[in-house]
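Hello,

Here is the structure I promised to pass on. Have a look at it first, and then read my notes below.

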Amino acid sequence: MIMGMISQPNNYLMCQNAHCSCAKNCLHYIAYENLDDTTDSLDMLNPKKFNKSEKCMYFKPSEKVKVAWGLTKLLSMLPYESAKAIRKALISRFSKTRYYRYYRSELPIYPAAQKVIETVFQKYNITTPPVYDRFSEEYEW
């Protein structure tokens, strides 16, 4: 179990089924266990629906992943035309809003999005790996 407070996203789906074989390692259950008294309402899985002997389809592992933050360094070392094309491709893939939220470190760049960025680099024949502003270990909600 995770000790101390964790900061789950708003409206995160929770589970109170302590009898589930996956509960101790599931973010849905851990989020429920770490609730405080400031939350008025919850989004909750129905514990009667899931049998404790079955593998739960909502299971979300509680391991932290390495996430990147910030794209301010990402394109600065590339030739202008390549950087322009890559920025356009990333905006097309993520949306303009999400791209700039990644750029300003407002959103973490989870491993799946990091892979997308690597693929875009490869598409434009950039052999150097993407450079991010910083890294941290976070739960993948």
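Phe-135 has a relative accessible area of 41%, so this residue is partly exposed. Please keep in mind that the model is predicted.

The ring of Phe-135 also has a charged neighbour: the charged end of Lys-66 sits over that ring, 4.4 Å from its centre.

Next, the aromatic pairs. Searching the whole structure turns up 7 of them. One of these is formed by Tyr-99 and Tyr-100: the ring centres are 4.8 Å apart and the planes stand at 85 degrees, so this pair is edge-to-face. Tyr-99 is buried at a relative accessible area of 2%, while Tyr-100 is partly exposed at 28%. Phe-135 comes back here too, with Tyr-132 as its partner: their centres lie 5.7 Å apart with the planes at 80 degrees, and so they are edge-to-face. Tyr-132 has 8% relative accessibility, which is under 20% and therefore counts as buried. Elsewhere, Tyr-12, Tyr-139 and Trp-141 are linked by ring pairs into a cluster.

What is the volume of the second largest pocket? It comes to about 210 Å³. Sorted by class, the lining of this pocket has 6 nonpolar and 2 charged residues, with no polar ones.

Enjoy exploring it!

Best wishes

How values were computed
Residues numbered from 1 in each chain as written. Predicted model: local features only at pLDDT ≥ 70, side-chain atom pairs only at ≥ 80, totals over all residues. Heavy atoms only, no water. 1 Å grid on protein atoms, 1.4 Å probe; cavity = no way out; pocket = protein on both sides within 12 Å on 5 of 7 lines; lining within 4 Å. Points joined across faces, edges and corners; volume = space filled by probe spheres on them. Nonpolar A, V, L, I, M, F, W, Y, C, P; charged D, E, K, R; others polar. Phe/Tyr/Trp six-rings, centres within 6.5 Å; stacked < 30°, edge-to-face > 60°. Buried < 20%, exposed > 50% of the residue type's maximum accessible area, 1.4 Å probe, protein only. Lys NZ or Arg CZ within 6 Å of the ring centre and 35° of its normal.
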